[in-house]
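How do two parts of one protein chain meet? Look at the model below, then read on.

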4 protein chains.
Amino acid sequence: YGKNTIKFLRLHKEGKKHFVKEVEVCAHLRLTSPQEYLDGNNSLVIPTDTIKNIVLVLAKKNGIPSLEQFAIDICNHFMTTFCQVAYVKTYVQEVPWQRLHEDGVPHVHSFICVPDGIRFCEAEQCRNGPLIVFAGIKDLKLMKTTQSGFEGFYKNEHTTLPERHDRILCGELFCKWSYGECKDFDFDCIWKKIRECILEAFSGPPDCGEYSPSYQKTVNCIQMLVLSRVSQVQVIEVVLNNTFYNVVDMKNLGLTNDKEVLVPVEAPYGSCACTLGRK
Amino acid sequence: YGKNTIKFLRLHKEGKKHFVKEVEVCAHLRLTSPQEYLDGNNSLVIPTDTIKNIVLVLAKKNGIPSLEQFAIDICNHFMTTFCQVAYVKTYVQEVPWQRLHEDGVPHVHSFICVPDGIRFCEAEQCRNGPLIVFAGIKDLKLMKTTQSGFEGFYKNEHTTLPERHDRILCGELFCKWSYGECKDFDFDCIWKKIRECILEAFSGPPDCGEYSPSYQKTVNCIQMLVLSRVSQVQVIEVVLNNTFYNVVDMKNLGLTNDKEVLVPVEAPYGSCACTLGRK
Amino acid sequence: YGKNTIKFLRLHKEGKKHFVKEVEVCAHLRLTSPQEYLDGNNSLVIPTDTIKNIVLVLAKKNGIPSLEQFAIDICNHFMTTFCQVAYVKTYVQEVPWQRLHEDGVPHVHSFICVPDGIRFCEAEQCRNGPLIVFAGIKDLKLMKTTQSGFEGFYKNEHTTLPERHDRILCGELFCKWSYGECKDFDFDCIWKKIRECILEAFSGPPDCGEYSPSYQKTVNCIQMLVLSRVSQVQVIEVVLNNTFYNVVDMKNLGLTNDKEVLVPVEAPYGSCACTLGRK
Amino acid sequence: YGKNTIKFLRLHKEGKKHFVKEVEVCAHLRLTSPQEYLDGNNSLVIPTDTIKNIVLVLAKKNGIPSLEQFAIDICNHFMTTFCQVAYVKTYVQEVPWQRLHEDGVPHVHSFICVPDGIRFCEAEQCRNGPLIVFAGIKDLKLMKTTQSGFEGFYKNEHTTLPERHDRILCGELFCKWSYGECKDFDFDCIWKKIRECILEAFSGPPDCGEYSPSYQKTVNCIQMLVLSRVSQVQVIEVVLNNTFYNVVDMKNLGLTNDKEVLVPVEAPYGSCACTLGRK
């Protein structure tokens with residue numbers, strides 16, 4: 001198969017008000033015949049330059065109503081236009097431009113980049129198969145400064161980690177879910193709702209939080225909340241890259257450090273991941 | 001001289017409410033004698049491990065009231081404790097953790113990383129000289145989708161750039177200013193005010209913006225507005241890394257692209273910088 | 001499942017001569033029960049800290065005879081020690097330290113980092129299943145300045161790419177192969193042989209090269225040569241990330257550029273990949 | 001001032017043999033008048049697009065005889081062509097393509113990227129001032145596994161570092177030197193000679209090495225050797241970014257670790273730098 005990446009900006013005006021979407025699109029194609037590889041016969045090959053042109057033309061003609069709809073449009077175009085395409089997957093990722101505000105007033109054409117979690121989606125289809133849509137958020141960095149511990153784990157002669165009932169829980173979240181063969185969803189609205197579920201399940205109630213006995217359990221809580229609140233989600237995968245913090249031992253500096261000063265531990269660097277679907 | 005970097009987290013509680021600052025501190029030291037280099041005589045050398053301990057102990061004892069005050073504290077400690085130090089500079093940079101909110105309610109101990117411009121500061125001092133404080137913002141990405149052009153530039157036989165009166169202005173901003181020998185400033189409040197000045201000068205009025213004839217002029221507008229509004233600023237340096245966007249020519253694809261689809265131009269990649277002070 | 005990464009250096013002496021291996025090890029584990037996720041019951045969880053200790057202890061006891069043997073040792077340890085482990089995969093990657101030479105004389109204890117292709121391997125095993133070993137090379141950047149073209153590809157109304165019979169072929173190669181259930185191979189020797197096959201298949205004969213009609217065909221040539229020369233390889237996957245170069249059009253600068261000055265094209269950025277096994 | 005970066009490839013043939021240079025050029029210009037900043041008057045501004053064209057045209061016309069000569073050519077062009085230029089600095093950096101060899105036979109047109117230290121240079125000139133040339137090497141990673149210690153350093157109540165007489169010395173070297181107002185040097189030959197001096201001074205004799213009492217002293221040894229061996233060098237700056245390795249304490253794992261297994265220490269991360277000239 002082959003894939004390629006194209007980055008561009010789609011601008012749209014309503015009166016004096018500007019709307020901007022900057023996206024990175026990656027298209028994967030697999031052809032029905034491997035003759036390009038085996039024989040050096042290029043007659044079925046769709047050059048990356050042509051793929052780029054198609055993506056730009058679709059953006060010009062249809063705009064980007066939502067990332068998901070744009071990914072679906074690209075899939076459909078390749079499947080209906082090129083009979084030599086056996087499989088197509090399109091990945092679309094957004095540069096998180098947000099409208100600037102001055103004293104609460106939105107600006108007509110100025111934007112700031114706020115990367116507090118990157119939105120992406122995927123659409124994929126095999127010839128004669130259904131078109132499946134995924135969406136997700138990545139690079140979302142979260143931290144809880146208490147209500148997290150790690151106790152009761154398996155121990156043997158290689159265990160040196162002490163049990164902890166009040167540690168920092170910090171990590172970078174990757175979350176991807178499947179909508180199945182979706183139709184006419186309000187993708188923007190659902191995405192925002194899921195992002196809120198993630199933050200709520202990670203944090204717990206604002207006045208007291210909720211105790212997390214492990215990164216794994218927090219991953220599961222996020223999945224359970226999304227599945228229970230958002231009926232359109234079929235399967236949800238969550239990966240949490242852990243950043244551990246150690247309380248600095250200041251005894252030989254003559255001080256008692258009551259979880260006030262902590263340093264990130266670079267190694268071991270871990271992550272946990274889980275994929276959960278509906279029964 | 002030598003420098004080193006240490007990253008840590010300072011946690012502080014008021015009742016159930018947690019406050020967190022994660023910072024990266026870089027300390028540069030120059031000693032009065034170069035004997036460590038010339039003779040391999042280490043007797044005056046302050047190991048990076050000791051510097052790390054000092055930074056952590058100061059954070060434990062004083063907390064981090066503001067980045068600037070913490071940088072000042074470190075400078076003062078080195079100058080008063082080590083007579084072999086001829087010069088010290090401390091750079092402090094913040095990881096942009098923000099408190100999470102659920103339906104508008106702030107969470108007592110959960111945070112999200114929002115890197116829409118990174119705050120940093122510097123304090124530097126030569127022995128017997130004044131302590132100078134700088135502050136700044138970096139990695140601030142801004143875009144104006146109109147009210148920007150570039151015309152009337154110098155032309156010769158190597159010129160191929162067409163004049164443009166309606167282009168995209170996009171870039172990554174670095175801004176650093178000097179407070180001089182400051183005393184008792186509310187550094188957090190001033191920093192926020194300067195950030196607002198930068199956004200306002202970049203964007204212009206929210207209902208119509210303001211025409212920018214060049215990146216250079218926009219840089220100057222930012223400097224002028226900060227100097228006029230914030231009396232504590234002595235000198236201000238602005239660097240704007242330009243990201244250019246080209247309108248895609250779709251003529252040979254049978255379409256008219258009226259500044260709707262644009263691609264970023266990777267090369268040449270430019271920047272303009274200017275330092276401006278008071279008379 | 002969970003994974004974690006640990007980086008360390010293994011030093012070994014023979015008389016005055018030092019040998020150094022610096023590796024990054026990543027271990028993925030999946031347990032027989034998901035109770036840690038579902039119930040927050042940690043009683044079967046092997047902490048990342050314990051995994052780190054095991055890896056370091058194995059390195060201390062056995063050394064790193066080859067990357068592959070070390071990966072196998074780790075897999076075996078987890079499978080035989082922990083009955084709650086259902087699946088284990090270990091990835092080992094080498095920092096490419098090479099012995100320094102002075103006027104052809106090898107230095108007893110000085111090394112230089114030469115990252116012209118990074119060696120890695122993987123070993124994976126399901127409980128009651130065979131242990132499978134993979135090896136590979138990544139980040140290998142190669143360029144042919146002629147004997148490459150791209151012609152006869154599929155064309156339609158979105159095609160703007162001209163045919164080219166003398167272009168630059170440049171890319172970053174990723175190559176990974178399976179040894180099946182290997183026993184007692186000389187992994188170091190085989191790896192070097194495969195690296196030479198890759199370079200030879202990419203380049204062709206030193207006096208004239210060999211024409212490549214596409215990136216895809218070059219990928220296939222590499223696979224075919226490795227499979228024909230190295231009997232231990234069962235399956236081989238090659239990914240080639242293309243860097244395209246355009247001849248700069250200098251007509252409006254009054255010059256004829258006969259493929260002398262070229263600029264890299266950042267977008268579209270493509271890659272092609274293929275996996276090939278024995279019949 | 002403004003600067004911009006352009007990356008390109010210069011191809012040159014002698015019969016069937018190809019020669020390739022891929023470089024990144026960065027040009028800084030300062031104009032005699034700041035009117036572009038103050039008044040938005042662009043009439044003296046040389047667009048980055050024009051600068052790019054000039055660099056490419058010079059590469060086409062003159063080739064790249066050496067990085068240094070190319071940097072000098074660009075400086076000269078700007079100074080003699082544009083009377084509004086008050087200052088110009090050009091930085092040129094090379095992508096380290098090396099000719100491939102098959103069984104010792106050099107290939108006519110195939111290359112591999114070997115980044116074991118990146119060569120760069122700078123040329124700078126003020127109007128009516130001399131043209132100064134610098135050259136250097138960066139990203140050169142070196143390691144000594146013995147013959148390095150750190151003892152007899154300054155101690156006080158914040159000191160926790162133990163003295164060590166047999167540690168790992170590892171770091172990334174940056175080295176930049178000035179040729180003064182050079183004329184007709186064989187820049188390629190001198191650069192290679194200096195690289196050898198750096199490696200020799202870092203390592204010591206191949207059969208036994210030479211004891212380094214500190215990173216600082218190693219920096220100084222490199223400078224002294226270069227200045228003594230290469231008369232064309234006027235001033236030399238060396239920065240050594242230290243990577244520290246700690247011997248893993250395996251006592252509570254029941255093992256004695258005799259400097260066999262070490263882990264890199266991420267923080268504090270330090271560097272030492274020194275600039276040395278001739279009397």
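The model is predicted: local features need pLDDT of at least 70, side-chain atom pairs count only at pLDDT 80 or more, and totals for chains, interfaces and linings use all residues. Residues are numbered from 1 along each chain as its sequence is written, chains are lettered from A, and side-chain values use heavy atoms, without hydrogens and water.

Chain A has domain 1 (2-129) and domain 2 (140-277). The bounds come from an automatic or database domain assignment. Taken over C-alpha atoms, the domain centres lie 31 Å apart.

Contact means heavy atoms within 4.5 Å. Buried area is the accessible area (1.4 Å probe) that two parts lose on being put together, summed over both.

| Feature between domain 1 and domain 2 of chain A | Value |
|---|---|
| Residues of domain 1 in contact | 10 residues |
| Residues of domain 2 in contact | 8 residues |
| Buried area | about 820 Å² |

Carbon and sulfur atoms carry 58% of that buried area. On the domain 1 side, E68(A), R119(A) and F120(A) lose the most area to domain 2, together 54% of what that side buries.

Charges meet here too. The rule finds 3 salt bridges across the interface. Each is a side-chain nitrogen of Lys or Arg within 4 Å of a carboxyl oxygen of Asp or Glu. D116(A) forms a salt bridge with R195(A), with the closest N and O atoms 3.3 Å apart.
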